Amino acid sequence: MKKAVLFLATLCYGLSYGQEIPEVDITTKNSWFKAGLTAGVPMGDAKDISSFNVGVDVRGQYLFTPHFGVGIASGYNHFFGKDEFDDFGVIPLAGFARYYFQTEGVFVGADFGYGFLTNVDNSGGLYFNPQIGYHNKKWNIYGYYQNTFAEDITIRSLGVGVTYNIMFK
């Protein structure tokens, strides 16, 4: 085990010095703020205690190339409780990556981070949100399968979202 850790550490160290770090220039062509809405149907454990969910999605994105972008994502997803269950929510704090096949058209991506739970005894857990959608210069329309893996419950939601791109100046 020690040899494997040493090997990986040496590999990461060597790769970090073997790459030239390009200068990052934030422009309206490669960076923007995304804001939008989501709506979904709870799956897994969440479908027993919630009927549907709606939310807001906010992101900051930087494109390394015209086809690959990374950024940070957050927002709020409100789950409406069924019967005797109270409403609850998920506040994600995640990094994300997206691959755009063309400058306008289909994209795939995923968010990965931590989902903070509201109005429940559990504080939260691992957050993973794969997406596939359509994009153009101003809009992103996508389907998602959001997962929050908390200690006692796994909250999943299958839904759609739309975001508007606000260019950085």
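Arg59 stands opposite Ala73 in β3. The strand numbers follow DSSP runs counted from the N terminus (strands are E runs of at least two residues; helices are H or I runs of at least four). This is a predicted model, in which local features need pLDDT of at least 70 and side-chain atom pairs count only at pLDDT 80 or more, while totals for chains, interfaces and linings use all residues. Residues are numbered from 1 along each chain as its sequence is written, and side-chain values use heavy atoms, with hydrogens and water left out.

Strand β2 (residues 50-65) and strand β3 (residues 68-81) run antiparallel and are joined by 14 bridges. Two strands count as paired if DSSP finds at least two bridges between them.

On to the next strand. β3 also pairs with strand β4 (residues 88-100), again in the antiparallel sense, over nine bridges. Here Ala73 has Ala94 as its bridge partner in β4. The hairpin of β3 and β4 has six residues between the strands, and in this hairpin Asp83 takes a positive phi near 40°.

The loop between β3 and β4 also holds Lys82. Lys82 and Asp48 are 34 residues apart in sequence, yet 7.6 Å apart in space from C-alpha to C-alpha. Leaving aside residues up to four places away in sequence, Lys82 touches Lys47, Asp48, Ile49, Ser50 and Ser51, where contact means heavy atoms within 4.5 Å. The side chain of Lys82 reaches the backbone oxygen of Lys47 at 2.8 Å.

Key
Polar contact = N/O pair within 3.5 Å; in protein donor to acceptor, adjacent residues only side chain to side chain.
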